[in-house]
Amino acid sequence: MYDVKKQYRCDIIRGKAQSQLEDMLPAYAKVISDICPVEKEKFENMFNSNLIQYLPSSSREKKTLDNHRTEIAGKLFGMYVYSSDGKVYCSERTRKFLADGDIPAFFKDICYKMQFPNVMQKINTVSQRLEDGISIRANCYVVKVLEEAEKRKLNLTKRDIGVYILNSLDVLQRNASVSEVLDFIEKDKKADIYREIEGNEADSKKYQHINEQLNYLELANLIYIDGKKIVHLNHKEQNAIELFSKEWNSDLLFKFDKSDISDSEHFKNLQFRWNEYYGKLSDVANSFETKIDSLSIENKTNTGYKIFGSTVELGDEGENFVFNYEKERVEKYNPRLTNKVILFGKQKGLGYDIQSVMAIDDDDIEEYAEMGKYIEVKATRRITSPNIKDSEWYDSVNITRNEWVAATEKKDFYFIYRVFFTRNGVFIYTIQNPYQKKMNKQISVIPLTYRIEVDKDSIDEVIDINLQSEGVK
């Protein structure tokens, strides 16, 4: 029988504020991508020395760098994996993020694979949780509780989720059904019984592990918390919600027992297996794509043009947004020039997505306003709005060879529009003349791909469709 008085704390790796986690994620990914694969003995120094450039001078001490590397990028995010060949590699999760830049999808996969017990803590903590029978995929359980609470028209606060669910021994042992928990909560609310997590610590400390876990569910775009601290499901992520919900009482994806931690050597092997498991994408990771409309974006420009997120591809949504922004900007300057704003859409090879006009007066060049403006749009998704004034803020974008060639040719008339679709609306920053900024060392541009040109003399073997091979003469 469910007993709310049996409380049990399951701490997790402590991260940072939501916006800082979203800011640092691209930096972690870039550093790991740049240095991996690398020998395990060199990984620490190379990661730390590369990450320094993204941190303010006050946050560059070794202890802080080590925490970024081991606790957040490593244990919490699973962004790199150790291999039996003695090297460190980018994890599947990191490679996917580098390809799609989908921050909420990144956190969905983390939340889906997270479990208690895990192998993120020290051997004594892991041993104690096994001894105490802890066995739950807590995020899946929380999603299921919220789903059932909605049916009962029952509002659950962050405190409710902490006291009755995430800090409850019966829940963490999977000895309490969702209906039992909700029955108990309803009974307490009707009787005006107000429960707290017990302890002499300040509330911020007592609820720290609860806030951290809900933070990640928010970053995954699965929940949102209103001004009254009531937790709601984001039903624009219904597909992901259903995937989580159906796993509320499932067995752990990563299984281990006391024999795996009988001594330090066994525990090292367990940590290796966990690292390998956690860095891999879940089987449902491809279902976690974040559609623009799931961020509940709504924005109105001064002329009343209404922009909603949609389920079209992210790049198309970003291009459409900037196209309409440019049309309105140019129309304000001179309606006669509006027809010069052109969206090229899927047309390849140009090196830019939109052709516009400068629509700005220049005393030195009489016809400057009507000169062409060439815009490449780079869009991404995140929960919080980027704070570009934050000393730890960092961003990167990938461009093609054609785009860089266009930037070098168009110079002052070439712009990158970086579009962030967030819960708070759409945030855009622009970079004019990235070529000159590279020359001035204001930005770095790093080639990421190589083209191999092949002729008949360079081929070693041809394999036919029957999998039979023959040497090439």
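Start with residues 298-312, where pLDDT stays under 50. For this stretch the model has 32 contacts beyond four places in sequence. Keep in mind that this is a predicted model, so that stretch is one to read with its pLDDT in view. As for the chain overall, pLDDT averages 90, and 92% of the residues score at least 70.

Now go to the helix pair H1 and H2. H1 covers residues 18-35 and H2 covers residues 40-51, and their axes come within 10 Å, crossing at roughly 135 degrees. Because of that angle, H1 counts as oblique to H2, and the crossing is right-handed. Which residues make the contact? On the H1 side they are Met24, Ala27, Tyr28, Val31, Ile32 and Ile35, while H2 brings in Phe43, Met46, Phe47, Asn50 and Leu51. Sorted by class, that's 10 nonpolar residues, one polar and no charged ones. The spacing of the numbers along each helix has a simple background: an α-helix has 3.6 residues a turn, so residues three or four places apart point the same way.

Last stop, helix H8, residues 158-166. How much of H8 is covered? Mostly, since eight of its nine residues are buried. The buried ones are Arg159, Asp160, Ile161, Gly162, Val163, Tyr164, Ile165 and Leu166. And what sits over them?

Conventions:
Residues numbered from 1 in each chain as written. Predicted model: local features only at pLDDT ≥ 70, side-chain atom pairs only at ≥ 80, totals over all residues. Heavy atoms only, no water. pLDDT = per-residue confidence, 0-100. Contact = heavy atoms within 4.5 Å. Buried < 20%, exposed > 50% of the residue type's maximum accessible area, 1.4 Å probe, protein only. Helix = DSSP H or I, 4+ residues; strand = E, 2+ residues; numbered from the N terminus. Axes fitted to C-alpha atoms, helices over the stretch in contact; angles between N-to-C directions. Parallel < 35°, antiparallel > 145°, perpendicular 65-115°, else oblique. Left-handed = near helix turned anticlockwise from the far one by under 90°. Nonpolar A, V, L, I, M, F, W, Y, C, P; charged D, E, K, R; others polar.
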